[in-house]
Protein chains: 2
Amino acid sequence: MYYIGIDLGGTSIKVGIVSEEGEILIKTSSATPVKKGFEGVLVRIKELIDEVMIEKKIDKKNIAAVGIGIPGACSQEGFVYFASNLFWKKVPLAERLHEMTGLKVYVENDATVAAVGEYIKGVTKGKKNAIFLTLGTGVGGGFIINNKIYSGSHGIGAEVGHMVIGKNFYDCTCGNHGCLETFVSATALIKYCKKLLEENKESLVFHRVDGNLDNLTAKIIFDCARKGDSTALKVIDRMTHYLAIGLANLINLFDPEVIAIGGGVAEAGDVFIEKLREEVKKYIYVKDMNVTEIVLAELKNDAGIIGSGMYAKFNNSSSREIQNYAKMK
Amino acid sequence: MYYIGIDLGGTSIKVGIVSEEGEILIKTSSATPVKKGFEGVLVRIKELIDEVMIEKKIDKKNIAAVGIGIPGACSQEGFVYFASNLFWKKVPLAERLHEMTGLKVYVENDATVAAVGEYIKGVTKGKKNAIFLTLGTGVGGGFIINNKIYSGSHGIGAEVGHMVIGKNFYDCTCGNHGCLETFVSATALIKYCKKLLEENKESLVFHRVDGNLDNLTAKIIFDCARKGDSTALKVIDRMTHYLAIGLANLINLFDPEVIAIGGGVAEAGDVFIEKLREEVKKYIYVKDMNVTEIVLAELKNDAGIIGSGMYAKFNNSSSREIQNYAKMK
């Protein structure tokens, strides 16, 4: 049997067919028609599912279930409480997509399904207690605790991005102040870099955006840091410092075997991972026991499709022991 | 059968005999002879165990096991990595006490055993996901996750007191800056109150300590707050604010059914619990889902003895399903 894995974001929808072993057979994507609302997005998802099934000549009877990772919070029944980037609030995603496709549909937070992907196929494979962080536009989290997916008593846990860790120069979109997300997301890097560039226009960064700060991306900042630009380095140093505090908090609370960092920012992980590990050492409570591995995620852009496909497989199984899947080759 | 429950602190050792149902049959206590070192403390513990057994005419063959809650971190085998207030580092507590008593000995962090006590006999009874916080000289934490005790992959998790949440006017004893403990422990209340009193000697607090700030305790601050003293109220407000941020962090991460607050500071919970609940609402990420109960712990001073006794029972059982004990009357 096969699974449909869907990575639903505010910018794009990625859909793939995933094998029992977590391999992607085919994938496609499309911009997310956010403005068309919940039903409009559903229609596009259905089109993409049809597209990959037709292309691969895989019939509905060979699809065991559909998994979707969403940028928000939902119940175990696939009722979405909210997904800010999609402007969704209280929508019955699993129910509606099941009506449209006739397939079983399982919904989870996007970072949680990516954590599942990494646990089954990636860098946290089979680790009893693992935390996955995704650093992108925002910061998401997915937890594996005692070899089980953990998203809390009501499905609203693992919101690592909204852990308050300090004072910042701007508020979080959630209304709080000092959320981890406002220090270490791509958005945070851009904001802080702009702030520094207001004072110092001599930076290489300023040249790379042709003098127009609207063109600034996290990637440009990382590129400039690699070339030794002092402004860019200052931005990365600050991010590394606060990320270390965030990871130390997670270690002091969860004491996991491993923390994996994914998302766009992690793709430039070579720039900061060593320094990050050094800084975390300083902030953990039991300094003699520096035992949590800190690693970069493996599945990159495919984490969402593989993870949601595997999440569907897991939910569709009788034993619901995710542990068994981590033993697959 | 019976269990010996031991609450080992930097100031006192409390020892009791606990029934299968978690009732204390007898208890005693003594100052902790910290200066006599590890072996000296062991001797005193042994004396207290003998005392309660002789007093209750309960023979060793009727004691199934011993549980100890320690102010520090340890392995599952009862090897203590460190316990700062006792000046212990890397001592084989379970092994040595077993040699001295011939009884099976189980060791856990003091807040974790108190969490076990509350889960079996107290205010978090049978809740699938529950967090216990103890606010005393420091701040400790104990987690129940999926109806199991959770202290991490290496026994060094649940260190809630050392979650960094902001900037403070002094450093934490752990070497970090901004730990929750430096905002909400009894020590933190005293430090902040002294700071305010340097500027304003008109406070009722100043009179209550007879002008000598060395006499200041958290209890005096709470008493003065109840009488409307503005300095004391300012201290409690600040504590409540930061405690709300800390609890919101825990809710955003764990999404538990309940958070229970124990320890000395919680005994004055009537002064701040309502305001705390209101503030937490403001800081949680999913504001529509204000579903985590925030309650004061029930077992008070007996939490350590009951909790460690029940921890011993749990560890000594074949199923090790703590869930079953929470069903006891």
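## Two helices packing in chain A

In this predicted model, helix H5 (residues 186-199) of chain A packs against helix H7 (residues 218-226) of chain A at an angle of about 65 degrees. The axes of the two helices are 9 Å apart. The crossing of H5(A) with H7(A) is left-handed.

On the H5(A) side, the contact is made by Ala186(A), Leu189(A), Ile190(A) and Cys193(A). H7(A) contributes Ala218(A), Ile221(A) and Phe222(A).

Side chains of opposite charge can pair when their charged atoms come close. Helix H7 of chain A holds one such pair, Lys219(A) and Asp223(A). Their side chains meet in a salt bridge, with 3.1 Å from N to O. Because Lys219(A) and Asp223(A) are four residues apart in this helix, they are separated by about one helical turn.

Over all chains, a search of the whole structure finds 34 salt bridges.

## The interface of chains A and B

The size of an interface is often given as the accessible area lost when the parts come together. Chain A and chain B bury about 4,000 Å² between them. Of this area, 59% is on carbon and sulfur atoms. In terms of residues, 47 of chain A are in contact with 47 of chain B.

How many salt bridges are there between chain A and chain B? The count is two. Asp288(A) forms a salt bridge with Lys89(B), and the closest N and O atoms of this pair are 3.6 Å apart. Polar contacts also cross the interface of chain A and chain B, where 30 residue pairs are found, both residues being at pLDDT 80 or more.

## The side of chain A that touches chain B

Both strands and helices of chain A give two or more residues to the side that touches chain B. The strands are S6 (80-83), S7 (88-91), S10 (139-145) and S11 (148-150). The helices are H8 (230-254) and H9 (273-283). Which element gives the most to this side of chain A? H8(A) does, with seven residues.

By type, the residues on the side of chain A that touches chain B divide into 23 nonpolar, 14 polar and ten charged.

Methods
Residues numbered from 1 in each chain as written. Chains lettered and ligands numbered in written order. Predicted model: local features only at pLDDT ≥ 70, side-chain atom pairs only at ≥ 80, totals over all residues. Heavy atoms only, no water. Axes fitted to C-alpha atoms, helices over the stretch in contact; angles between N-to-C directions. Left-handed = near helix turned anticlockwise from the far one by under 90°. Contact = heavy atoms within 4.5 Å. Buried area = accessible area lost by both parts, 1.4 Å probe. Salt bridge = Lys/Arg side-chain N within 4 Å of Asp/Glu carboxyl O. Polar contact = N/O pair within 3.5 Å; in protein donor to acceptor, adjacent residues only side chain to side chain. Nonpolar A, V, L, I, M, F, W, Y, C, P; charged D, E, K, R; others polar.
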